[in-house]
Structure formats: C-alpha cells, structure tokens
Amino acid sequence: MDTIAVLGLGLLGRGFAENLRSKGHSVRVWNRTASRCEPLVERGAVAAATPEEAVRGAARVHLVLAEDAAVDEVIEALRPGLGDGAWIVDHSTNLPAGVAARFERLRADGVRYIHAPVFMGPKNSLEATGLMLLSGPSADEAALRPALETMTGKVLYLGEEPDKAAKIKITGNGLLIMLTAAMGDLFRMGAASGVSTDEVLALFDQFSPTASGMGRRALAAAHQPVGFTMRMARKDVRLMLETAKDPDALSVLPAVARSMDAAIEAGFGGEDFAVLADPDR
Ligand SMILES: NC(=O)c1ccc[n+]([C@@H]2O[C@H](COP(=O)([O-])OP(=O)(O)OC[C@H]3O[C@@H](n4cnc5c(N)ncnc54)[C@H](OP(=O)(O)O)[C@@H]3O)[C@@H](O)[C@H]2O)c1
C-alpha cells in the first residue's frame, strides 16, 4: 500500500490520518504543534519532525491546514522532500484566488497540487463520510478519485478550473454560517416571547423551505406575478425585531432590514421581496 502523508492534525486532519491508518496505509504525520501527533503515533502512524521529512517517500500528501498562508508556508517547507509525481491534495478551505495562484505556480514547477475542500466535520473525516469537492485537470480527477473515494462519502468533481472547488466550498459554508446565525435570531426571538427552542424546531420539522427551493423561487420571481411584496415582508421583519426586544443581539435580521430599506428607497417596495436575491440589482 502507498505511503500517505497528512500534514495538519487539527479537528479535521486527525480524523483523516486515523481513518487512513485504520485501512492499513503507512501514514506519516506532521503538525506544527508536535504533541498533536502523539495519538496518531499510538495508532501506528510515523511522526515527522518537519514537513520535508513527512512527505519523503509519500505517494500522496494531504494538507489539512487553517488557510492560504499556512498552506503556502508548509508547501514551501515540504518541497525538498517531495518525490517526483507525488500528489499534494489540499483540503484546507482557502481563498479561491489563493488556490488559483498556487496551482499555477506549483504546476509550472511540475508539482501536482490540487484542491479538494470538504463538507466534512471531524466525525466525517474519521468515518470517511460526507462530501469532498475536487476541481482541476480531468486526468487528475480520474487518477485520484479511487483513493479520495476511500476518504469520504462522495467525491464531487467540479471541472477543470483549479479554483472552482474553492469557490463552491465558500458558497456552501456561506449557507451553513448564515443559517446558523439565522437560527440564533429565531431562537432569541422565541426566548423573548416565550417560544422554546424545541417549539421553533418543531415548526421547522413541519415547514422547512430549502436553500435551493428559495433560490429558485427568487430567480423565477422576476417572471411571475408578485406574490409577496417587499413592503409587506419589511413589515414582517419589523414585527420580528419588535418581538425580539433586543435587536442588537441579532445577527441576520437587522442586516436584512437594512437591505430591504435600501430596496424600498430604490423603488422596489411593490416588487416581490425576491428582489433581495437578485445578484444584478
Ligand atoms: N472542522 C471542520 O468541521 C471543517 C469542515 C470543513 C473544512 N474545514 C477546513 O479544514 C481546515 C482545517 O480545519 P480544522 O477544523 O481542522 O482546524 P483546526 O483544528 O484549527 O486545525 C488547523 C490546523 O492548521 C495548522 N496550522 C495553522 N496555522 C499554521 C501555520 N501557519 N503553519 C502550519 N500549520 C498551521 C494547525 O496547527 P496547530 O495544531 O499547530 O495549531 C492545525 O493543524 C480549515 O481550512 C477549515 O476551514 C474544517
């Protein structure tokens, strides 16, 4: 079996390393804070003192680091040890422009760097479940897919653009983060008016608009009769802010109210509130 290096043993990386070990791979690990290697060493991984040492003899190098600056720093440090033809598969959530520049720079030097960010948490990386994105040359996708499929539930290839996966990854995280903040607003509004978090969740067990459904409704709205005016939706946001009592504690609704006020000011009060989702407005 191939030797595989995992660099970055944070919440996500340690699960990848442990899962690869459990499948019998020879796994070499490196982490900036060396003590984080210890649990992996107990499971049979070999800890390296430097990135260069970690990647020596590895067919694949998996990077699971904080973001671009760390990725660039670690790649610089590992390059003297990197074998010809070894892959660097970067799972870090990075700036798309950072990925594009790194891809171009490294490929020009013959280094097989590819970006494969994930919708996976620590449990997913440990259990090889969840979703891994991948973009870059299709020949690379064909070569890497069998190995990557053992590390996740599904590999979603997004085409040749090296930074496409980075762009799609932050789109997905945008929804996760905004939805979590939005749930916080609704829980706070509930707390201020005697509605429990269980009651809020019970509503959404029965009535739960999806992101793609709302997105499609918004895009179609321009060609449909008005269903729900911006003015009326703004009134509802006022009701929410008044019910929440402490609007300063909210994350999403005050910003939405500001966007709606700007849209009404610009003459969209009688239009469908879906104007909020129009990227060309
Ligand atoms: N956790 C999740 O659910 C999740 C899900 C999807 C994607 N991601 C992405 O996966 C990546 C890792 O996330 P995580 O949750 O595992 O984060 P984490 O627990 O904070 O781990 C970050 C890792 O990056 C290392 N690091 C940070 N700066 C460094 C530097 N300058 N040089 C070398 N190493 C450095 C840390 O080393 P030290 O141990 O020395 O600090 C650690 O190994 C991030 O890009 C994150 O956005 C995370």
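This is a predicted model: local features need pLDDT of at least 70, side-chain atom pairs count only at pLDDT 80 or more; totals for chains, interfaces and linings use all residues.
## Domains

The protein chain is divided into two parts: domain 1 covers residues 3-161, and domain 2 covers residues 168-277. Between the C-alpha centres of domain 1 and domain 2 the distance is 38 Å.

Where the domains touch, domain 1 supplies five residues and domain 2 supplies four residues. On the domain 1 side of this contact, four residues are nonpolar, one is polar and none is charged.

## Helices α8 and α9

Helix α8 spans residues 164-193, and helix α9 spans residues 197-206. Their axes come within 9 Å and cross at roughly 125°. The crossing in which α8 passes α9 is right-handed.

Residues from both helices make the contact: L186, F187 and G190 belong to α8, while T197, E199 and V200 belong to α9. Sorted by class, the contact of α8 with α9 has three nonpolar residues, two polar residues and one charged residue.

## Surroundings of the ligand

A shell of 23 residues surrounds the ligand. The closest of these residues are G10, R32, T33, A70 and T93. Helix α4, made of residues 68-78, gives the largest share of the shell, with three residues.

The shell around the ligand can also be sorted by class. Eleven of its residues are nonpolar, eight are polar and four are charged.

How values were computed: Residues are numbered from 1 along each chain as its sequence is written. A residue is near a molecule or strand if its C-beta atom, placed from the backbone, lies within 6 Å of it. Helices (H or I, at least four residues) and strands (E, at least two) are DSSP runs, numbered from the N terminus. Ala, Val, Leu, Ile, Met, Phe, Trp, Tyr, Cys and Pro count as nonpolar, Asp, Glu, Lys and Arg as charged, and the others, Gly among them, as polar. Domain bounds come from an automatic or database domain assignment. Two residues are in contact if their C-beta atoms, placed from the backbone, lie within 7 Å. Axes are lines fitted to C-alpha atoms, for helices over the stretch in contact, and angles run from 0 to 180 degrees between N-to-C directions. A crossing is left-handed if the near helix is turned anticlockwise from the far one by less than a right angle, and right-handed if clockwise.
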